[in-house]
Every structure is written in structure tokens, then in C-alpha cells.
Amino acid sequence: MPSAAWLAAIILAAAPAASAAEDREAAERRRMTANIEQLAAAGALSEPLRLDPRVLAAMREIPRHLFVPEAVREEAYRDTALPIGHQATISQPFIVAVMTHLADVDPGETVLEVGTGSGYQAAILSRLGARAFTIEIVPQLAAQARQRLQALGYARVEVRAGDGYAGWPEHAPFDAIIVTAGATHVPQPLVDQLKPGGRLVIPVGPDRERQQLTLITKTESGRLRRREFGPVVFVPLQERSRKPR
Ligand code: SAH
């Protein structure tokens, strides 16, 4: 058994290395969020946006490199989507920031995400103080994300394997819903599960290769307002539980 002095020496030797890596990643996150803020202000998507500082702060804290496969870890803080297996991708940080900004989440709100993928977007929602429910159609991705979120301490996120087209009626209505896969149309169940005053952020378009980032807001009287924020590219939303009309 190593003596106490030995243990102390080992710990002292290891600590600077660990914190150097952490500093490097924290610095990469600062650069990433500064770049996102600039892109948004310059109107990189469509109109110039002044992003919510709380969204940027959350993204400065969350270790995106722990949400991507080892093989692409070096690229975790580049402003690009990355493959996470099963034909899914973790979205481009700039687009994640814009979608979260548009969802306008306050602490204590109940939020649904459709398309858990890596769990990164759900971690941001949780960091903003929301109670987050997230659904992923690929069971392996759902299981991985659940484990990862638990290990990283995001206790207020519930992950379910299933078809998010139908929403999550047991936890509805939601203050906000974020769909992180490209839909051909806005699923009616999601509109139905939105509270009055609620926000639904969803990439929509008939073209499976390209969508319009769309914000649907439900007014207090239940009317719907729709605004588009520019072209985006998402993996397709599977629409298996769509009811034939
Ligand atoms: N938000 C994720 C990225 C999502 S990629 C992140 O932060 O990492 C889109 C995900 O949507 C994929 O994992 C895909 O499997 C999933 N998906 C596609 N159709 C779905 C559906 N109908 N219900 C739930 N998840 C779906």
C-alpha cells in the first residue's frame, strides 16, 4: 500500500494536469460562445439577434466534449454539427443557442425536447432551471443520454425512448417545446401540448435536406403565431405516429 506521502505526491502531480485540461476546455467554451454571440448579432441566420445571456452562460459551462464520441472530441468546440452514431448528430452550437434563445425558458418551467440525441440540448434546458423531458426514438441513444446526464449531475432531466411526434401527454402542457429534428409539418400533438403563452421551436420544411427554423407561439387566448428565422439542416423527424387525415 502506498504511504500517505506517496499518495499526496501522486495527487499533487496529477492535479495540475487535470486542471490544465479543464482550463483549456473552459477557454474553448468561452471562444465558442463569443463566436456564437457575434454570429447572432451579425444576423448569420436571418435577422440579427441579441442572444439571451443566460443561454450563453449555460453553454459556457456545459462540457460539450463529454457529449460527443471520443473520435471527434477534439472538434467538440468547433461551431459544427458532429456525428453521434445511429445517423444522429449533435447540432451546431450556434443553432443550439438560437433555438434555446427562441424557446425563452425561465427557471421552473416545464419543457419538452423531441430528439434527445446526445443529451446536450437537454443539459442546457436543465441548466436554465427547467424541468426537462426529452424523447429519443433510437433506444440506444436514449439509454446513453440518460446515463450521461445522470453521471454529469443533470437530475432534473427525464429521458424516454419513444416517438416524440406524439409528444409526452403525461407531462403536458409544456411552457416550451424544442424539436431538434427536421419535420415536414408541425405535428398537431405538439401544438396541442403547448400551454397558452407557450413557445414551440421546430425546423420545418417539405424538403428533407433543409428546413426553416420556425417559432410557433400560442397566445393566451390560444391563437397561434408563426415566425421563421432562416434555413437550417437537421436529420429528419420520424413521423411514424402521424395519424392519417
Ligand atoms: N438534440 C440533440 C441532437 C438531436 S439529432 C443533441 O443535443 O444532441 C436528432 C435526433 O432526433 C436523433 O437522435 C434522432 O434519432 C431523433 N429523432 C428523430 N425522429 C424522432 C422522433 N419522432 N421522436 C424522437 N426522436 C426522434
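Predicted model: local features only at pLDDT ≥ 70, side-chain atom pairs only at ≥ 80, totals over all residues.
View 1. The side chain of glutamate 113 places a polar atom 2.8 Å from a ligand nitrogen, and for a polar backbone atom of glycine 115 the distance to a ligand nitrogen is 3.0 Å.

**View 2. The shell around the ligand.** The ligand is surrounded by 27 residues, each with a heavy atom within 4 Å of it. Ser118, Glu136, Asp163, Gly164 and Gln238 are the closest. By class, 13 are nonpolar, 11 polar and 3 charged, with Gly counted as polar. Strand β2 gives the largest share, 3 residues.

**View 3. The largest pocket.** The ligand sits in the largest pocket, as more than half of its atoms lie within 2 Å of the grid points. A pocket is an open set of points on a 1 Å grid over the protein atoms alone, where a 1.4 Å probe fits, with protein on both sides within 12 Å along at least five of seven lines. This pocket holds about 650 Å³ of space, the volume filled by probe spheres set on the points. Its lining has 39 residues, each with an atom within 4 Å of a point; Thr89, Thr180, Ala181, Phe234 and Val235 lie nearest the centre.

**Notes.** Residues are numbered from 1 along each chain as its sequence is written. Local features need pLDDT of at least 70, side-chain atom pairs count only at pLDDT 80 or more, totals for chains, interfaces and linings use all residues, and side-chain values use heavy atoms, without hydrogens and water.

Technical notes
Polar contact = N/O pair within 3.5 Å; in protein donor to acceptor, adjacent residues only side chain to side chain. Helix = DSSP H or I, 4+ residues; strand = E, 2+ residues; numbered from the N terminus.
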